[in-house]
Amino acid sequence: MKQNIIFLALLLTMIGTGCGSQKNSVSAKKSLRVLIVAGGSSHDFDKWYKQADAETLRKDGLATVIYTDNTDSIAYYLPQTDVLYLSNNKPIKSVETRQAIFAFVDAGYGLILGHPALWYNWKDWPEYNAQLAGGGATSHDKYGAFEETVVNTSHPVTQGLEQKITLKDERYHYEHDPKAAEIEVLVTNSVAGSDKIYPSIFVVKNPKARIVGIALGHDAESHDIAFYQTVLRNAVKWVAHK
Ligand SMILES: [Zn+2]
(Lines give C-alpha, C1' and ligand atoms only; values in the text may rest on other atoms or scores of the structure.)
Protein backbone atom coordinates (compact mmCIF):
# COMPACT_ATOMS: atom_id res chain seq x y z
CA MET A 1 0.00 0.00 0.00
CA LYS A 2 2.73 2.37 1.02
CA GLN A 3 4.63 1.51 -2.17
CA ASN A 4 1.52 2.27 -4.22
CA ILE A 5 1.15 5.69 -2.61
CA ILE A 6 4.81 6.50 -3.30
CA PHE A 7 4.40 5.35 -6.91
CA LEU A 8 1.24 7.45 -7.29
CA ALA A 9 2.97 10.51 -5.81
CA LEU A 10 5.90 10.03 -8.16
CA LEU A 11 3.58 9.66 -11.14
CA LEU A 12 1.67 12.83 -10.22
CA THR A 13 4.93 14.74 -9.84
CA MET A 14 6.06 13.58 -13.25
CA ILE A 15 2.76 14.52 -14.87
CA GLY A 16 2.80 17.85 -13.08
CA THR A 17 6.33 18.65 -14.19
CA GLY A 18 5.53 17.58 -17.70
CA CYS A 19 2.48 19.78 -17.97
CA GLY A 20 4.24 22.69 -16.35
CA SER A 21 7.25 22.68 -18.62
CA GLN A 22 5.09 22.25 -21.70
CA LYS A 23 2.95 25.21 -20.68
CA ASN A 24 6.02 27.36 -20.04
CA SER A 25 7.68 26.48 -23.31
CA VAL A 26 4.51 27.25 -25.26
CA SER A 27 4.06 30.69 -23.72
CA ALA A 28 7.78 31.56 -23.87
CA LYS A 29 8.07 30.57 -27.51
CA LYS A 30 4.95 32.15 -28.94
CA SER A 31 6.03 33.10 -32.44
CA LEU A 32 5.20 36.47 -33.93
CA ARG A 33 3.09 36.33 -37.05
CA VAL A 34 4.85 38.26 -39.80
CA LEU A 35 3.34 38.99 -43.20
CA ILE A 36 6.01 39.73 -45.80
CA VAL A 37 4.69 41.50 -48.88
CA ALA A 38 7.02 41.84 -51.83
CA GLY A 39 6.98 41.85 -55.61
CA GLY A 40 7.47 44.44 -58.31
CA SER A 41 10.55 45.38 -60.30
CA SER A 42 14.35 45.50 -60.11
CA HIS A 43 14.78 42.90 -57.33
CA ASP A 44 14.85 39.15 -56.83
CA PHE A 45 11.98 39.24 -54.35
CA ASP A 46 11.66 35.46 -54.10
CA LYS A 47 15.29 35.02 -53.23
CA TRP A 48 15.77 37.87 -50.75
CA TYR A 49 12.36 38.28 -49.16
CA LYS A 50 10.41 35.06 -49.63
CA GLN A 51 13.44 32.90 -48.83
CA ALA A 52 16.31 34.76 -47.09
CA ASP A 53 14.37 37.18 -44.86
CA ALA A 54 11.67 34.63 -44.07
CA GLU A 55 14.39 32.19 -42.97
CA THR A 56 16.07 34.90 -40.87
CA LEU A 57 12.79 35.55 -39.07
CA ARG A 58 11.85 31.90 -38.60
CA LYS A 59 15.16 31.09 -36.92
CA ASP A 60 14.75 29.99 -33.29
CA GLY A 61 10.98 30.25 -33.66
CA LEU A 62 10.99 34.06 -33.57
CA ALA A 63 8.28 34.28 -36.21
CA THR A 64 5.91 32.38 -38.36
CA VAL A 65 6.00 33.96 -41.79
CA ILE A 66 3.47 34.26 -44.54
CA TYR A 67 4.80 35.63 -47.81
CA THR A 68 2.78 37.08 -50.63
CA ASP A 69 3.53 39.04 -53.76
CA ASN A 70 -0.18 39.48 -54.39
CA THR A 71 -0.81 42.92 -52.92
CA ASP A 72 -4.56 42.38 -53.24
CA SER A 73 -4.32 39.64 -50.58
CA ILE A 74 -2.89 41.89 -47.83
CA ALA A 75 -6.27 42.69 -46.24
CA TYR A 76 -7.11 38.98 -46.17
CA TYR A 77 -4.00 38.15 -44.11
CA LEU A 78 -3.90 41.18 -41.76
CA PRO A 79 -6.37 39.81 -39.16
CA GLN A 80 -3.83 37.01 -38.46
CA THR A 81 -0.77 39.29 -38.53
CA ASP A 82 1.29 40.89 -35.75
CA VAL A 83 3.87 42.58 -37.98
CA LEU A 84 3.44 43.74 -41.56
CA TYR A 85 6.69 43.86 -43.48
CA LEU A 86 6.25 45.69 -46.77
CA SER A 87 9.11 45.31 -49.21
CA ASN A 88 7.22 45.64 -52.48
CA ASN A 89 7.46 48.28 -55.14
CA LYS A 90 4.56 46.65 -56.91
CA PRO A 91 1.57 48.98 -56.77
CA ILE A 92 -1.00 48.64 -54.04
CA LYS A 93 -3.92 49.89 -56.08
CA SER A 94 -6.97 48.78 -54.16
CA VAL A 95 -8.52 51.44 -51.93
CA GLU A 96 -9.68 48.71 -49.53
CA THR A 97 -6.12 47.39 -49.19
CA ARG A 98 -4.73 50.86 -48.56
CA GLN A 99 -7.39 51.44 -45.90
CA ALA A 100 -6.67 48.04 -44.34
CA ILE A 101 -2.97 48.90 -44.00
CA PHE A 102 -3.76 52.20 -42.30
CA ALA A 103 -6.34 50.52 -40.04
CA PHE A 104 -3.70 47.94 -39.06
CA VAL A 105 -1.27 50.71 -38.10
CA ASP A 106 -4.00 52.69 -36.32
CA ALA A 107 -4.76 49.57 -34.27
CA GLY A 108 -1.16 49.65 -33.00
CA TYR A 109 0.32 46.74 -34.93
CA GLY A 110 3.92 46.88 -36.09
CA LEU A 111 5.12 47.88 -39.55
CA ILE A 112 8.49 47.44 -41.25
CA LEU A 113 9.29 49.06 -44.58
CA GLY A 114 12.14 47.39 -46.47
CA HIS A 115 14.38 48.78 -49.22
CA PRO A 116 12.01 48.83 -52.26
CA ALA A 117 9.09 50.04 -50.12
CA LEU A 118 11.00 53.21 -49.07
CA TRP A 119 10.91 54.56 -52.61
CA TYR A 120 8.33 57.11 -53.74
CA ASN A 121 6.50 54.32 -55.54
CA TRP A 122 2.98 55.68 -55.79
CA LYS A 123 2.18 59.19 -56.94
CA ASP A 124 -1.51 58.65 -56.22
CA TRP A 125 -0.91 57.60 -52.60
CA PRO A 126 1.08 60.41 -50.91
CA GLU A 127 -0.23 59.38 -47.47
CA TYR A 128 1.93 56.27 -47.67
CA ASN A 129 5.22 58.16 -47.83
CA ALA A 130 4.05 60.98 -45.54
CA GLN A 131 2.55 58.98 -42.70
CA LEU A 132 4.19 55.58 -42.92
CA ALA A 133 7.63 56.21 -44.45
CA GLY A 134 8.28 59.76 -43.22
CA GLY A 135 9.59 60.59 -46.69
CA GLY A 136 11.29 58.37 -49.23
CA ALA A 137 13.91 57.95 -51.92
CA THR A 138 13.83 58.93 -55.57
CA SER A 139 17.44 58.00 -56.35
CA HIS A 140 20.35 55.91 -55.14
CA ASP A 141 24.08 55.60 -55.69
CA LYS A 142 25.20 53.01 -58.17
CA TYR A 143 25.44 49.61 -56.42
CA GLY A 144 28.70 49.49 -54.49
CA ALA A 145 30.45 49.62 -51.12
CA PHE A 146 29.62 52.18 -48.43
CA GLU A 147 29.76 52.52 -44.69
CA GLU A 148 26.98 52.02 -42.16
CA THR A 149 27.32 53.81 -38.81
CA VAL A 150 25.12 53.11 -35.80
CA VAL A 151 24.32 56.57 -34.40
CA ASN A 152 21.90 55.40 -31.70
CA THR A 153 23.49 52.49 -29.85
CA SER A 154 20.90 52.37 -27.07
CA HIS A 155 17.82 51.68 -29.19
CA PRO A 156 16.45 48.10 -29.07
CA VAL A 157 16.70 47.85 -32.88
CA THR A 158 20.47 48.43 -32.84
CA GLN A 159 21.36 45.96 -30.08
CA GLY A 160 24.08 43.50 -31.04
CA LEU A 161 25.27 45.50 -34.05
CA GLU A 162 28.83 46.44 -34.88
CA GLN A 163 29.08 50.21 -34.62
CA LYS A 164 30.57 50.57 -38.09
CA ILE A 165 30.61 48.20 -41.03
CA THR A 166 31.20 48.41 -44.75
CA LEU A 167 28.80 46.57 -47.03
CA LYS A 168 27.62 46.59 -50.61
CA ASP A 169 24.15 47.73 -51.55
CA GLU A 170 22.40 50.53 -53.34
CA ARG A 171 22.89 53.54 -51.09
CA TYR A 172 19.37 54.92 -51.05
CA HIS A 173 19.06 58.69 -50.99
CA TYR A 174 16.24 58.50 -48.45
CA GLU A 175 15.17 62.01 -47.49
CA HIS A 176 12.96 62.84 -44.55
CA ASP A 177 10.10 65.06 -45.66
CA PRO A 178 9.72 67.90 -43.12
CA LYS A 179 5.95 67.87 -43.73
CA ALA A 180 5.75 64.13 -43.07
CA ALA A 181 5.87 62.11 -39.84
CA GLU A 182 9.01 62.68 -37.78
CA ILE A 183 11.75 60.09 -37.89
CA GLU A 184 14.42 59.00 -35.42
CA VAL A 185 17.62 57.96 -37.19
CA LEU A 186 19.34 54.87 -35.77
CA VAL A 187 21.91 54.07 -38.48
CA THR A 188 23.29 56.33 -41.20
CA ASN A 189 25.21 55.60 -44.36
CA SER A 190 28.14 57.46 -45.87
CA VAL A 191 30.57 56.92 -48.69
CA ALA A 192 34.02 58.27 -49.50
CA GLY A 193 33.86 61.15 -51.94
CA SER A 194 30.41 62.33 -50.86
CA ASP A 195 29.54 64.60 -47.95
CA LYS A 196 25.93 63.43 -48.11
CA ILE A 197 24.82 61.23 -45.22
CA TYR A 198 21.46 59.48 -45.42
CA PRO A 199 19.34 57.60 -42.87
CA SER A 200 19.72 53.87 -43.38
CA ILE A 201 17.79 52.41 -40.45
CA PHE A 202 15.23 54.64 -38.74
CA VAL A 203 12.02 54.78 -36.76
CA VAL A 204 9.02 56.62 -38.21
CA LYS A 205 7.15 58.30 -35.39
CA ASN A 206 3.55 57.26 -35.62
CA PRO A 207 1.16 58.08 -32.77
CA LYS A 208 -0.35 54.59 -32.75
CA ALA A 209 2.16 52.06 -34.05
CA ARG A 210 5.84 51.32 -34.15
CA ILE A 211 7.37 51.62 -37.63
CA VAL A 212 10.93 50.84 -38.71
CA GLY A 213 12.44 51.70 -42.10
CA ILE A 214 15.31 49.59 -43.45
CA ALA A 215 16.82 51.20 -46.54
CA LEU A 216 19.26 48.32 -47.05
CA GLY A 217 18.32 45.19 -48.94
CA HIS A 218 19.12 45.12 -52.64
CA ASP A 219 20.68 41.65 -52.62
CA ALA A 220 22.79 39.06 -50.78
CA GLU A 221 25.40 41.57 -49.64
CA SER A 222 22.80 42.83 -47.16
CA HIS A 223 20.33 39.96 -46.70
CA ASP A 224 23.03 37.38 -45.96
CA ILE A 225 25.09 39.33 -43.40
CA ALA A 226 24.67 39.33 -39.62
CA PHE A 227 24.29 43.12 -39.45
CA TYR A 228 21.18 43.15 -41.64
CA GLN A 229 19.71 39.99 -40.11
CA THR A 230 20.13 41.37 -36.59
CA VAL A 231 18.44 44.63 -37.58
CA LEU A 232 15.52 42.75 -39.13
CA ARG A 233 15.00 40.45 -36.15
CA ASN A 234 15.36 43.33 -33.66
CA ALA A 235 12.92 45.42 -35.70
CA VAL A 236 10.28 42.69 -35.78
CA LYS A 237 10.56 42.22 -32.01
CA TRP A 238 10.48 45.94 -31.32
CA VAL A 239 7.56 46.89 -33.57
CA ALA A 240 5.61 43.97 -32.08
CA HIS A 241 6.37 45.32 -28.56
CA LYS A 242 8.07 42.01 -27.65
ZN1 LIG B 1 17.46 47.77 -54.89
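I looked up Leu111 and found it opposite Ile211 in E11. Strand E4 (residues 110-114) pairs with strand E11 (residues 210-214) in the parallel sense, over 4 bridges. For my own use: strands count as paired if DSSP finds at least two bridges between them. Helices (H or I, at least four residues) and strands (E, at least two) are DSSP runs, numbered from the N terminus.

A reminder to myself: this is a predicted model, where local features need pLDDT of at least 70 and side-chain atom pairs count only at pLDDT 80 or more, while totals for chains, interfaces and linings use all residues. Residues are numbered from 1 along each chain as its sequence is written.

**The sheet**

Next I followed the strands across. They form an open sheet of 9 strands with mixed pairing, in the order E2-E1-E3-E4-E11-E10-E9-E6-E7. Which strands stand at the edges? I found strand E2 (63-68) and strand E7 (164-169) there; each has a single partner strand, so one side of each is left without a neighbour in the sheet. On average, neighbouring strands are turned by 20° against each other, direction ignored. In the whole protein I have 7 helices and 11 strands to keep track of.

**Around E3**

E3 pairs with E1 in the parallel sense over 4 bridges, and Val37 stands opposite Leu86 in E3. E3 and E4 also pair in the parallel sense, over 4 bridges; here the bridge partner of Tyr85 is Ile112 in E4. From E3 the chain crosses through helix H4 (residues 95-106) to E4, and this β-α-β crossover is right-handed. That term means that, with the strands pointing away from the viewer, the path from the first strand over the helix to the second runs clockwise.

Are the faces of E3 covered or open? Both are covered: Val83 and Tyr85 on one side, and Leu84 and Leu86 on the other, are all buried.

I then turned to helix H7 (residues 226-239), which lies across several strands, including E1, E4 and E11, and runs at about 165° to E11. Such angles run from 0 to 180 degrees between N-to-C directions, with axes fitted to C-alpha atoms, for helices over the stretch in contact.

The largest nonpolar core has 56 residues, and Ile112 and Ala235 have the most contacts inside it. H7 gives the most to this core, with 7 residues. A nonpolar core is a set of buried Ala, Val, Leu, Ile, Met, Phe, Trp, Tyr and Cys residues joined through C-beta atoms within 7 Å. Setting aside neighbours within four places in sequence, Ala235 is in contact (C-beta atoms, placed from the backbone, within 7 Å) with Ile112, Val157, Val212 and Ile214.

**H5**

In helix H5 (residues 126-133), I found Tyr128, Asn129, Leu132 and Ala133 buried. They cover an arc of only 110° around the axis, which puts them on the same side of H5. The arc is that of the directions from the helix axis to the C-beta atoms. Their cover includes H4, E4 and E11. Just after H5, Gly134 takes a positive phi of about 70°.

Methods:
Contact = placed C-beta atoms within 7 Å. Buried ≥ 20, exposed ≤ 12 C-beta atoms within 10 Å, placed from the backbone.
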